[in-house]
Amino acid sequence: MLNLCTIGTSQITRSFIEAAEMVDDVHVAGVYSRDSSKAKELAEAYNIANTYTDMDAMLADKRLNTVYIASPNVLHFEQVMACLKKQKHVICEKPIFTNITEFHAAYEEADRQGVYLFEAMRNLHTPNFWQLKNALELIGKVRSVYFQRMRYSSKYDRFLEGDLPNVFSRQMGGGALRDLGVYPLSLTVALFGEPELSYYHALQLNSGVDGSGTMLLDFAGFKGTIMCSKISTSYNASEIHGERGTLIIDDVAPIKKITFIRNQGKEPIDLFLDEELPNMSYQIQNFKSIIECGCRETYTYYRNISEQVVSIIDRHGN
Ligand SMILES: NC(=O)c1ccc[n+]([C@@H]2O[C@H](COP(=O)([O-])OP(=O)(O)OC[C@H]3O[C@@H](n4cnc5c(N)ncnc54)[C@H](OP(=O)(O)O)[C@@H]3O)[C@@H](O)[C@H]2O)c1
């Protein structure tokens with residue numbers, strides 16, 4: 001049984017709580033906020049028993065065994081380490097860390113304490129992620145990949161008015177690559193492993209973060225292109241091009257539609273599954289079963305993806 005407490009009270013925490021409610025043996029038992037009224041409001045909205053404004057008091061509560069962290073990126077390391085030191089499992093929002101030194105220190109601490117640390121990369125745990133991975137064999141030798149996540153952010157309106165939302169703040173670890181680029185990047189790494197080389201060509205905003213950018217990735221035998229943006233929107237699909245055909249996906253996070261078009265024939269074939277749960281529920285299910293069965297192999301699979309992604313964004317982040 002996971003007895004969870006959340007950190008952060010923005011929309012993503014609400015989505016996480018709703019997703020957790022749909023998973024057996026996962027119970028959101030507490031809410032932490034710096035602000036007691038925000039904690040109470042969130043707890044009341046979801047009928048959650050406990051609220052905390054003191055992180056130490058929350059971490060001292062022995063009824064809780066897991067913490068979900070959805071705070072600005074720059075706070076992840078300090079909060080993750082505090083939770084691990086109190087032997088709580090941790091589910092931390094993407095990007096789990098923005099530098100590889102923090103990544104290694106935190107995973108070593110998790111191992112030392114005998115608990116698990118997960119990055120909430122919600123697109124890599126769904127049935128359609130596995131459908132896509134299995135479909136790669138249909139397209140023959142992969143020759144190029146184009147994945148994108150470009151969404152105009154409503155917070156950009158505030159930025160243009162002179163405000164500095166965390167996601168556009170250099171000090172808070174913001175920027176397009178860290179916020180949205182990690183979805184196509186993690187999907188690329190999950191499907192094809194670590195690229196031999198990466199280059200990032202970014203459009204910098206005056207706050208010192210990338211508002212958008214294009215990443216080029218070198219793999220043996222093919223090239224990858226990743227586009228991300230917080231200041232404009234793309235309606236393109238993402239694609240994997242092979243010598244025998246093409247796989248088209250509607251979105252990188254979550255993947256809802258997968259279509260295969262053979263070079264000979266050209267008839268589109270749908271390969272996607274209709275998923276029953278919200279994509280965040282699948283990751284929670286997966287984390288719970290890794291904890292319960294002690295599945296180190298699956299744990300290491302996801303840890304390696306996170307490590308490679310963090311090491312790339314560490315090289316190219318703001
Ligand atoms: N998986 C997804 O689909 C998804 C979607 C959006 C965001 N995210 C990730 O979730 C994380 C949070 O993103 P967000 O856009 O929700 O961030 P945010 O709104 O800037 O902050 C999230 C929460 O962190 C706390 N916080 C804000 N500023 C703080 C500060 N200066 N010091 C301490 N605490 C602070 C606030 O909670 P209190 O005021 O209650 O303490 C706030 O509700 C990021 O890592 C982001 O990448 C993931």
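Reply: Happy to! A word on angles to start: those under 35 degrees count as roughly parallel, those over 145 as roughly antiparallel, 65 to 115 as roughly perpendicular, and the rest as oblique. Please keep in mind that this is a predicted model.

Now to the pair. The axes of helix H8 (residues 176-192) and helix H10 (residues 296-316) come within 10 Å and cross at roughly 130 degrees. H8 and H10 are therefore oblique to each other. The crossing in which H8 passes H10 is right-handed. On the H8 side, the contact is made by Leu-177, Arg-178, Val-182, Leu-185, Ser-186, Val-189 and Ala-190; on the H10 side, Tyr-301, Ile-305, Gln-308, Val-309, Ile-312, Ile-313 and His-316 meet them.

Elsewhere, helix H2 (residues 36-45) has Ala-39, Leu-42 and Ala-43 buried. These residues span an arc of only 100 degrees around the axis, so they sit on the same side of H2. Among the elements covering them are strand S1 (2-7), helix H1 (11-20), strand S2 (26-32) and strand S3 (50-52). Just after H2, Asn-47 has a positive phi of about 60 degrees.

Backbone details are worth a look too. Most residues other than glycine have a negative phi, and most peptide bonds are trans. Here, Lys-94 and Pro-95 are joined by a cis peptide bond, with omega about -15 degrees. Pro-95 belongs to the loop between strand S5 (89-93) and helix H5 (100-113).

Terms used. Residues are numbered from 1 along each chain as its sequence is written. This is a predicted model: local features need pLDDT of at least 70, side-chain atom pairs count only at pLDDT 80 or more; totals for chains, interfaces and linings use all residues. Side-chain values use heavy atoms; hydrogens and water are left out. Axes are lines fitted to C-alpha atoms, for helices over the stretch in contact, and angles run from 0 to 180 degrees between N-to-C directions. Helices (H or I, at least four residues) and strands (E, at least two) are DSSP runs, numbered from the N terminus. A crossing is left-handed if the near helix is turned anticlockwise from the far one by less than a right angle, and right-handed if clockwise. Contact means heavy atoms within 4.5 Å. Buried means under 20% relative accessible area, exposed over 50%, partly exposed in between (1.4 Å probe, protein chains only). The arc is that of the directions from the helix axis to the C-beta atoms.
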